[in-house]
Each structure stands twice: as C-alpha cells, then as structure tokens.
Amino acid sequence: MKLRFFEYAKKAAGFSSHQFHHGAVLVRGGKVIKTSFNDPRPIKFTHKHHHAHRGSLHAEIGVLLNLTKDKTKGADIYVCRVLKDGTYRNSKPCSMCQIIAQEMGIKRIKFTTDKGFDTIQL
C-alpha cells in the first residue's frame with residue numbers, strides 16, 4: 001500500500017470545513033491525477049442510479065468530477081478521514097460513491113479505518 005498517497009489525501013482533508021474531514025486522491029499509473037476534500041455546502045446532481053441528489057460533496061466524488069472515463073479507468077482512489085490530532089479514522093466510501101467509482105472504471109478504493117487501512121475491489 002502506498003502510504004504517501006494517504007498523506008496526500010490527509011493534506012487535502014485539511015481543506016475541508018465539514019465537521020468530519022475527508023480527503024481523496026485519484027491515482028493512475030503511480031501518478032496523482034486529482035485531489036479533493038468533502039464540502040458541506042449543498043450540491044445538486046443527477047445520477048442514473050439515483051434521482052436528483054442533494055447533499056454534501058463527498059471527497060471521492062470530488063476527485064471524479066469533470067473527468068472522463070478515459071482518465072479514470074484503471075485508477076485507484078485513496079480516501080481518508082482525519083481527526084484534529086492527525087489520526088486516521090474510518091472513511092469507508094458510501095454505496096453511492098462506490099457505484100459511481102465503479103461506473104467511472106475505478107479499480108480499487110483504498111481507505112483508512114480506525115485500525116489501519118482497507119481496500120474495496122470494484
């Protein structure tokens with residue numbers, strides 16, 4: 001597991017103004033393509049598996065926005081939740097984020113847990 005990508009996600013999480021600081025990094029071919037963080041401001045978007053969605057922007061979705069599948073296919077997403085003291089906490093992506101990542105061709109989502117790290121194969 002490439003811990004340096006979790007460090008990038010941790011830095012991105014530092015920009016979040018949400019009560020829970022999540023950051024994400026999209027990595028393809030060992031290179032960082034994009035970083036993002038969760039944003040509590042309401043967003044509205046429509047997805048083919050969901051009707052109009054209203055909610056906050058999840059970090060995992062943020063790294064996929066405005067990218068085409070040819071840029072995301074075969075990539076990994078690293079996502080973390082960080083407490084104020086810098087420790088990692090559970091950041092397992094919700095089902096909506098997992099579905100959208102799979103549709104964008106993401107290969108794996110690697111995420112922090114309260115005890116370390118875990119991976120979802122898509």
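Residues are numbered from 1 along each chain as its sequence is written, and side-chain values use heavy atoms, with hydrogens and water left out. Because the model is predicted, local features need pLDDT of at least 70 and side-chain atom pairs count only at pLDDT 80 or more, whereas totals for chains, interfaces and linings use all residues.

## Strand β5 and its partners

Helices (H or I, at least four residues) and strands (E, at least two) are DSSP runs, numbered from the N terminus, and two strands are said to pair if DSSP finds at least two bridges between them. With β1, strand β5 pairs in the antiparallel sense over seven bridges, and within that pairing histidine 21 has valine 82 of β5 as its bridge partner. With β7, the pairing of β5 is parallel and runs over four bridges; here aspartate 76 is bridged to arginine 108 of β7. Strand β6 (residues 88-89) runs antiparallel to β5 and is joined to it by two bridges, with arginine 89 in β6 as the bridge partner of arginine 81. The hairpin of β5 and β6 has five residues between the strands, and in it glycine 86 takes a positive phi near 90°.

Burial is given by relative accessible area, with buried meaning under 20%, exposed over 50% and partly exposed in between (1.4 Å probe, protein chains only). On this scale seven of the seven residues of β5 are buried. The cover extends to both faces of the strand, with Asp76, Tyr78, Cys80 and Val82 buried on one side and Ile77, Val79 and Arg81 buried on the other.

## Nonpolar cores

A nonpolar core is a set of buried Ala, Val, Leu, Ile, Met, Phe, Trp, Tyr and Cys residues joined through side-chain atoms within 4.5 Å. The largest such core holds 19 residues, of which Leu26, Leu64, Ile77 and Ile106 touch the most other members. At least two residues of this core come from each of β1 (21-28), α2 (59-62), β5 (76-82), α4 (95-103) and β7 (108-113), and α4 supplies the largest share, four residues. Leucine 64, leaving aside its neighbours within four places in sequence, is in contact (heavy atoms within 4.5 Å) with Leu26, Thr72, Ile77, Ile100, Ala101, Met104 and Ile106. A second, separate core has 10 residues, including Ala9, Val25, Cys80 and Val82.

Helix α1 (residues 3-13) has Phe5, Phe6, Ala9, Ala12 and Ala13 buried. Seen down the helix axis, the buried residues of α1 fall within an arc of 110° and therefore line one face of the helix, the arc being that of the directions from the axis to the C-beta atoms. Among the elements that cover these buried residues are β1, β2 (31-37), β5, β6, β7 and β8 (116-121).

The whole structure contains seven aromatic pairs. Rings of Phe, Tyr and Trp (its six-membered ring) pair if their centres lie within 6.5 Å, and planes under 30 degrees apart count as stacked, over 60 as edge-to-face and the rest as tilted. Two of the pairs are set out below.

| Ring pair | Centre distance | Plane angle | Class |
|---|---|---|---|
| Phenylalanine 5 and tyrosine 78 | 5.1 Å | 50° | tilted |
| Phenylalanine 15 and phenylalanine 37 | 6.1 Å | 35° | tilted |

Because phenylalanine 5 lies in helix α1 and tyrosine 78 in strand β5, their pair ties together parts that are 73 residues apart in sequence. Phenylalanine 5 is buried at 2% relative accessibility, and tyrosine 78 is likewise buried, with a relative accessible area of 2%. Phenylalanine 15 lies in the loop between α1 and β1 and phenylalanine 37 in strand β2, so this pair ties together parts that are 22 residues apart in sequence. Phenylalanine 15 is exposed, with a relative accessible area of 64%, while phenylalanine 37 is partly exposed at 29%. Ring pairs also link Phe5, Phe6, Tyr8, Tyr78, Tyr88 and Phe117 into a cluster.

## Cysteines and a loop asparagine

The structure holds zero disulfides, a disulfide being a pair of cysteine sulfur atoms within 2.5 Å. Cysteine 94 is in no disulfide, and the nearest cysteine sulfur, that of cysteine 97, is 3.6 Å away. Cysteine 94 counts as partly exposed at 30% relative accessibility, whereas cysteine 80 counts as buried at 0%.

Asparagine 66, found in the loop between α2 and α3 (69-72), has a positive phi of about 65° although it is not a glycine. At 80% relative accessibility, asparagine 66 counts as exposed.
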